[in-house]
Amino acid sequence: MTTTQERTPEQDLPYNVFAKACPSRGTLEHVTGRWGALTLGALHEGSLRFNELRRRVDGVSEKMLSQTLHALERDGLVHRDAQPTNPPRVDYELTPLGHQVAERLLSLIHFVEGSMDDVLAARERYDTTRGGR
């Protein structure tokens, strides 16, 4: 590359989510997967215990929530605070990085919720022209 060529923003990034081996791809999957996005959105409201979080994220199984929390904790987005009480008390909350991610996700969530009339109309048009589902 000559010095007169400008670098694109993609060339300046040390990570590339489109590359199969890039570690950012796994984090993107954790964040944008159904349970990851909903868990981060729920924790944006504040610290929650496991069962409170499970009730807030309606439909998630105990196993899937546990796996999701482990992945998000490993990625540095969620902090797990275990109290040595009897019975043990475990609280989950977002880290500062987790808050930044959750705010961006919530913007998308609110946009989708606000656009559902258009989405439902598009689905109806599609189903009508394609013979229904």
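Because the model is predicted, local features are reported only at pLDDT of at least 70 and side-chain atom pairs only at pLDDT 80 or more, while totals for chains, interfaces and linings use all residues. Residues are numbered from 1 along each chain as its sequence is written, and side-chain values use heavy atoms, with hydrogens and water left out.

## Overall fold

The protein has seven helices and three strands, and from the N terminus on these elements follow the order α-α-α-β-α-α-β-β-α-α. Helices (H or I, at least four residues) and strands (E, at least two) are taken as DSSP runs and numbered from the N terminus. Of the 133 residues, 25% count as buried, where buried means under 20% relative accessible area, exposed means over 50%, and partly exposed lies in between (1.4 Å probe, protein chains only). Among contacts with a separation of 6 or more, 43% join residues 24 or more positions apart, a contact being heavy atoms within 4.5 Å.

## The sheet and the cis peptide bond

The three strands form an open sheet in the order 1-3-2 with antiparallel pairing. Strand 1 (48-49) and strand 2 are the edge strands, each with a single partner strand, so one side of each has no neighbour in the sheet. Two strands are said to pair if DSSP finds at least two bridges between them. Strand 1 and strand 3 are joined by two bridges in the antiparallel sense, with Leu 48 standing opposite Tyr 92 of strand 3. Strand 2 and strand 3, also antiparallel, pair over six bridges, and here Gln 83 stands opposite Arg 89 in strand 3.

Strand 2 and strand 3 form a hairpin with five residues between them. The loop between strand 2 (78-83) and strand 3 (89-94) holds Pro 87, which is joined to Asn 86 by a cis peptide bond with omega of about 0 degrees. Most peptide bonds, in contrast, are trans.

A nonpolar core is a set of buried Ala, Val, Leu, Ile, Met, Phe, Trp, Tyr and Cys residues joined through side-chain atoms within 4.5 Å. The largest such core has 22 residues, and those with the most contacts inside it are Leu 40, Leu 43, Leu 53, Leu 69, Val 78 and Tyr 92. Helix 3, helix 4 (50-56), helix 5 (62-74), strand 3 and helix 6 each supply at least two residues of this core, the largest share, five residues, coming from helix 3.

Helix 3 is itself mostly covered, with eight of its 10 residues buried; these are Trp 35, Gly 36, Ala 37, Thr 39, Leu 40, Gly 41, Ala 42 and Leu 43. When residues up to four places away in sequence are not counted, Leu 40 touches Val 31, Leu 72, Leu 77, Val 78, Leu 94, Val 101, Ala 102 and Leu 105.

## The two leading pockets

A pocket is found on a 1 Å grid over the protein atoms alone, as an open set of points where a 1.4 Å probe fits, with protein on both sides within 12 Å along at least five of seven lines, and its lining residues have an atom within 4 Å of a point. Its volume is the space filled by probe spheres set on the points, which are joined across faces, edges and corners. In the classes tabulated below, Ala, Val, Leu, Ile, Met, Phe, Trp, Tyr, Cys and Pro count as nonpolar, Asp, Glu, Lys and Arg as charged, and the others, Gly among them, as polar.

| Pocket | Volume | Lining by class |
|---|---|---|
| Largest pocket | about 210 Å³ | five nonpolar, two polar and four charged residues |
| Second largest pocket | about 170 Å³ | six nonpolar, two polar and one charged residues |

The lining of the largest pocket includes Leu 38, Gly 41, Arg 56, Asp 58, His 110 and Glu 113. Helix 3 (34-43) and helix 6 (96-114) each supply at least two residues of this lining, and helix 6 gives the most, with four residues. Asp 58 lies in the loop between helix 4 and helix 5 and is exposed, with a relative accessible area of 69%. The C-alpha atoms of Asp 58 and Trp 35, which are 23 residues apart along the chain, are separated by 9.9 Å.

The second largest pocket is lined by Val 17, Ser 24, Thr 27, Leu 28, Val 31, Asp 75, Leu 77, Leu 97 and Val 101. Helix 2 (23-32) and helix 6 are the elements that give two or more residues to this lining, with helix 2 giving the most, four residues.
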